[in-house]
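Subject: Structure handover

Hello,

Here is the structure I promised to pass on. Please open it first, then read the notes below.

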Amino acid sequence: MYLTFDDGPSENTKKILDVLDKYNVKATFFVTGNGQKYNKYIKEAYEKGHTIALHTYSHKYDEVYASVDAYFKDLDKLGQMVKEQIGFVPKYIRFPGGSSNTTSAKYCKGIMSTLVTEVQNRGYQYYDWNADSTDAQGNRRAVSLLVKNGTSSQAKNINLLMHDTGAKTTTVEALPKIIEHYQKLGYAFKGIDDTSFTPHHGVNN
């Protein structure tokens, strides 16, 4: 079971870390450069044994998907920011919208087809997801809905998409029930590492 949190750090990161501590489980944080006043939590998460991964510095689709060079320029900027917190540049990444996103086609036709190969050529590995809490569909979505969606997978290996932003308060509230559900089923919770299950979506651009 891979719990993954996109878009942090935020004012909710500490709350997420506290929940993870309570249940003694590890997770992965795909961070951005948009919450830098909370960057100390990147270091704290890493020191607690969670995985820090890269999501893009700006998370602005029109910028990161303007060109292949623009994508890597943004990724490198984020990598250096994270290195200041944990001492190295992570090699695990998640594309905004996932590798299957079609929004990127508005800015650069075919860019995802190039990026999925090029990131790996440059030593990175990208992670999509095969389960979705659906917290990206709106802020403060009902906890019951997030729990229902977040516990719907019965896959052998699960990579669950969640988000860590100030507006995702109900994600924090839903997290204990999601963890308890999979613990009862006997899942082991891990941060992403080199041996992890690697969900890749079909590329649509």
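A contact here means heavy atoms within 4.5 Å. Helices (H or I, at least four residues) and strands (E, at least two) are DSSP runs, numbered from the N terminus.

This is a predicted model, in which local features need pLDDT of at least 70 and side-chain atom pairs count only at pLDDT 80 or more, while totals for chains, interfaces and linings use all residues. Residues are numbered from 1 along each chain as its sequence is written, and side-chain values use heavy atoms, with hydrogens and water left out.

**Overall build**

The protein has seven helices and seven strands. Starting at the N terminus, their order is β-α-β-α-β-α-α-β-α-β-β-α-β-α. The C-alpha trace spans about 45 × 35 × 35 Å along its principal axes.

Of the 205 residues, 53% count as buried. Buried means under 20% relative accessible area, exposed means over 50%, and partly exposed is in between (1.4 Å probe, protein chains only). Among contacts with a separation of 6 or more, 78% join residues 24 or more positions apart.

The accessible surface comes to about 9,100 Å². Carbon and sulfur atoms hold 46% of that surface. The areas come from the Shrake-Rupley method with a 1.4 Å probe; for residues, only the protein chains shown count as cover.

**The cores**

In soluble globular proteins, nonpolar side chains tend to be buried together. A nonpolar core here is a set of buried Ala, Val, Leu, Ile, Met, Phe, Trp, Tyr and Cys residues joined through side-chain atoms within 4.5 Å.

The largest nonpolar core has 50 residues. Leu3, Leu20, Tyr71 and Phe95 have the most contacts inside it. Helix 4 (residues 68-86) gives the most to this core, with seven residues. Another core lies apart from it, with six residues, among them Tyr2, Ala53, Tyr92 and Ile192.

Leaving out residues up to four places away in sequence, Tyr71 touches Thr56, Val64, Tyr65, Ile93, Phe95, Leu115 and Val119.

**Helix 6 and its cover**

Which residues of helix 6 (residues 143-150) are buried? They are Val143, Leu146, Val147, Asn149 and Gly150. Their cover includes strand 6 (131-132), strand 7 (159-163) and helix 7 (169-184).

**Loops worth a look**

Asn12 sits in the loop between strand 1 (2-6) and helix 1 (13-23). Asn12 counts as buried because its relative accessibility is 2%. Beyond its neighbours within four places in sequence, its contacts are Asp164, Thr165, Gly166, Ala167, Lys168, Thr169 and Val172.

Pro9 lies in the loop between strand 1 and helix 1. The peptide bond from Gly8 to Pro9 is cis, with omega near 0°. Most residues other than glycine have a negative phi, and most peptide bonds are trans.

Thr32 is in the loop between strand 2 (27-31) and helix 2 (40-47). With a relative accessible area of 1%, Thr32 is buried. Its contacts, not counting residues up to four places away in sequence, include Gly8, Pro9 and Thr56. Thr32 and Leu54 are 22 residues apart in sequence, with 6.8 Å from C-alpha to C-alpha.

Thr56 has a positive phi, near 125°. Thr56 is found in the loop between strand 3 (51-54) and helix 3 (61-64). Its relative accessible area is 0%, so Thr56 is buried.

Thr134 also has a positive phi, near 70°. Its loop runs between strand 6 and helix 6. At 11% relative accessibility, Thr134 counts as buried.

Is Gln120 buried or partly exposed? Gln120 is partly exposed, with a relative accessible area of 36%. Gln120 lies in helix 5 (residues 111-121). Apart from residues up to four places away in sequence, Gln120 touches Gln125, Tyr126 and His200.

Best wishes
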